[in-house]
Amino acid sequence: MLRKRQTGSKKAPTISTASLPDIIFMLLFFFMVATVLRETTLKVRVVVPEATELQKLEKKSLVSYIYIGPPMPQYVQQYGTAPRIQLNDVIADIKDVIPFVESERAQLPEQLQPFMTISLRVDTGVKMGIVTDVKQELRKANALKINYSARKRVHAL
Amino acid sequence: MVKKKRKREVPEINAASMADVAFLLLAFFLMTTTMNIDKGIMVKLPPWDPENIIDVKIADRNVFTVLVNARDELLVEGEPMDVAKLREAAKEFIANPYGRPDLAESPQKAVISLKTDRGTSYKMYITVYNELKAAYRELRDEAAMKKYGVPFDKLPPDKKKEIRKMYPIKISEAEPEAIGEQIGG
């Protein structure tokens with residue numbers, strides 16, 4: 001019976017694509033919401049270390065980033081190979097950390113200023129000396145909430 | 001009458017290309033998206049107050065000294081140790097389940113002193129710090145399981161506070177020394 005019917009109709013029924021845009025839009029909205037457009041271009045190479053005791057950074061607007069790592073290959077001529085600090089878009093000195101923190105704090109509404117978090121994105125190969133210097137500057141600037149950026153570790157130590 | 005008739009004859013907009021436009025946008029967002037949610041180890045730094053350095057005398061048994069040198073070698077309470085064993089050692093020190101006289105009097109009094117060298121690698125520092133935090137987290141989890149039968153994360157805020165009081169995280173970081181910064185460049 002079924003076979004007969006199939007052979008009988010020569011034209012296969014067209015699949016309606018009317019709902020296709022809706023599906024695509026749904027996907028589109030998902031990606032639009034999930035996406036984070038990176039506003040800074042990294043000038044230093046940062047591969048964050050692995051850890052297990054991770055906490056999510058809840059409010060993106062309260063987070064400021066400090067990158068520490070060796071300059072990218074195209075900047076080696078200019079800055080050398082030793083690890084440097086990057087604040088916003090520029091490679092900076094240790095003395096620029098306090099003004100940076102202050103300006104980042106000034107951008108926040110007053111009631112949120114105590115919750116400002118500094119995320120330290122530090123390359124695995126960096127020595128503690130420069131990290132400690134930055135930490136001391138942060139203490140001087142009274143930015144005490146910090147976060148060592150890290151990836152999830154899957155294997156055992 | 002004529003007017004009305006004309007209004008009804010608005011041609012339908014062909015929506016076939018809608019999918020193409022949406023695809024284009026979708027492709028753009030797919031390419032630019034970075035799905036990494038920022039995670040990390042939360043730390044609260046002590047306030048900067050060079051004038052009023054309070055020199056608190058803490059009994060030797062209540063201090064768990066962890067030293068990391070420029071070669072990324074670990075020295076715990078004067079003994080070399082493997083990082084993998086640090087978590088258990090810290091847990092035993094803080095909780096002191098058998099009441100040993102050389103370990104902490106109580107978890108509230110226990111202080112972990114972490115000292116690194118300026119030449120210590122950041123990777124090692126994070127590993128050590130992570131293990132110390134993990135020791136506290138495990139102790140809190142165990143206490144929460146024993147008392148309420150649920151892990152620490154699932155507790156309501158007031159009970160969390162209670163457990164936090166039982167095991168307050170006290171990791172003190174000393175100024176690193178610059179003995180071996182040049183070693184291993």
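This briefing describes how two chains of a predicted model meet and how parts of each chain are arranged. Because the model is predicted, local features are given only at pLDDT of at least 70 and side-chain atom pairs count only at pLDDT 80 or more, while totals for chains, interfaces and linings use all residues. Residues are numbered from 1 along each chain as its sequence is written, and chains are lettered from A, with ligands numbered from 1, in the order in which they are written. Helices (DSSP runs of H or I, at least four residues) and strands (DSSP runs of E, at least two) are numbered from the N terminus.

**Where the chains meet**

- In the contact between the chains, 44 residues of chain B touch 44 residues of chain A, two residues being in contact if their C-beta atoms, placed from the backbone, lie within 7 Å.
- On the side of chain B that touches chain A, at least two residues each come from α2 (18–32), β1 (39–44), α3 (83–95) and α4 (122–148) of chain B, and α2(B) gives the largest share, with nine residues.
- By class, this side of chain B has 26 nonpolar, nine polar and nine charged residues, where Ala, Val, Leu, Ile, Met, Phe, Trp, Tyr, Cys and Pro count as nonpolar, Asp, Glu, Lys and Arg as charged, and the others, Gly among them, as polar.
- Strand β7 (residues 145–149) of chain A runs antiparallel to β1(B) and is joined to it by five bridges; two strands are said to pair if DSSP finds at least two bridges between them.

**Strands of chain A**

- Strand β6 (residues 117–122) of chain A is mostly covered, with five of its six residues buried; a residue is buried if 20 or more other C-beta atoms lie within 10 Å of its own, exposed if 12 or fewer, and partly exposed in between, with C-beta atoms placed from the backbone.
- Strand β3 (residues 63–69) of chain A runs parallel to β6(A), with six bridges between them, and Val63(A) has Thr117(A) in β6(A) as its bridge partner.
- β6(A) is also joined to β7(A), again in the parallel sense, by three bridges, and here Ile118(A) stands opposite Ile146(A) in β7(A).

**The sheet of chain B**

- Five strands of chain B form an open sheet with mixed pairing, in the order β4-β3-β2-β5-β6.
- β4 (79–81) and β6 (171–173) of chain B stand at the edges with a single partner strand each, so one side of each is left without a neighbour in the sheet.
- From one strand to the next, the twist averages 30 degrees, angles running from 0 to 180 degrees between N-to-C directions of axes, which are lines fitted to C-alpha atoms, for helices over the stretch in contact.
- Strand β2 (residues 63–68) and strand β3 (residues 74–76) of chain B pair in the antiparallel sense over three bridges, with Leu67(B) opposite Leu75(B) and Val68(B) opposite Leu74(B).
- The hairpin of β2(B) and β3(B) has five residues between the strands, and in it Asp72(B) takes a positive phi near 65 degrees.
- β2(B) also pairs with β5(B), in the parallel sense over six bridges, and Thr65(B) stands opposite Ser113(B) in β5(B).
- The helix α3(B) lies across β2, β3, β4 and β5 of chain B and runs at about 20 degrees to β3(B).

**Two crossing helices of chain B**

- The axes of α4(B) and helix α5 (residues 157–166) of chain B come within 10 Å and cross at roughly 125 degrees, which makes α4(B) oblique to α5(B); angles under 35 degrees count as roughly parallel, over 145 as roughly antiparallel, 65 to 115 as roughly perpendicular and the rest as oblique.
- Arg140(B), Ala143(B), Ala144(B) and Tyr148(B) in α4(B) meet Lys159(B), Ile163(B) and Met166(B) in α5(B), and by class this contact has five nonpolar, no polar and two charged residues.

**Positive phi in two loops**

- Most residues other than glycine have a negative phi.
- Asn142(A), in the loop between α5 (128–140) and β7 of chain A, has a positive phi of about 60 degrees although it is not a glycine, and counts as partly exposed because it has 16 C-beta neighbours inside 10 Å.
- Asn96(B), in the loop between α3 and β5 (111–116) of chain B, has a positive phi of about 45 degrees although it is not a glycine, and counts as partly exposed with 18 C-beta neighbours inside 10 Å.
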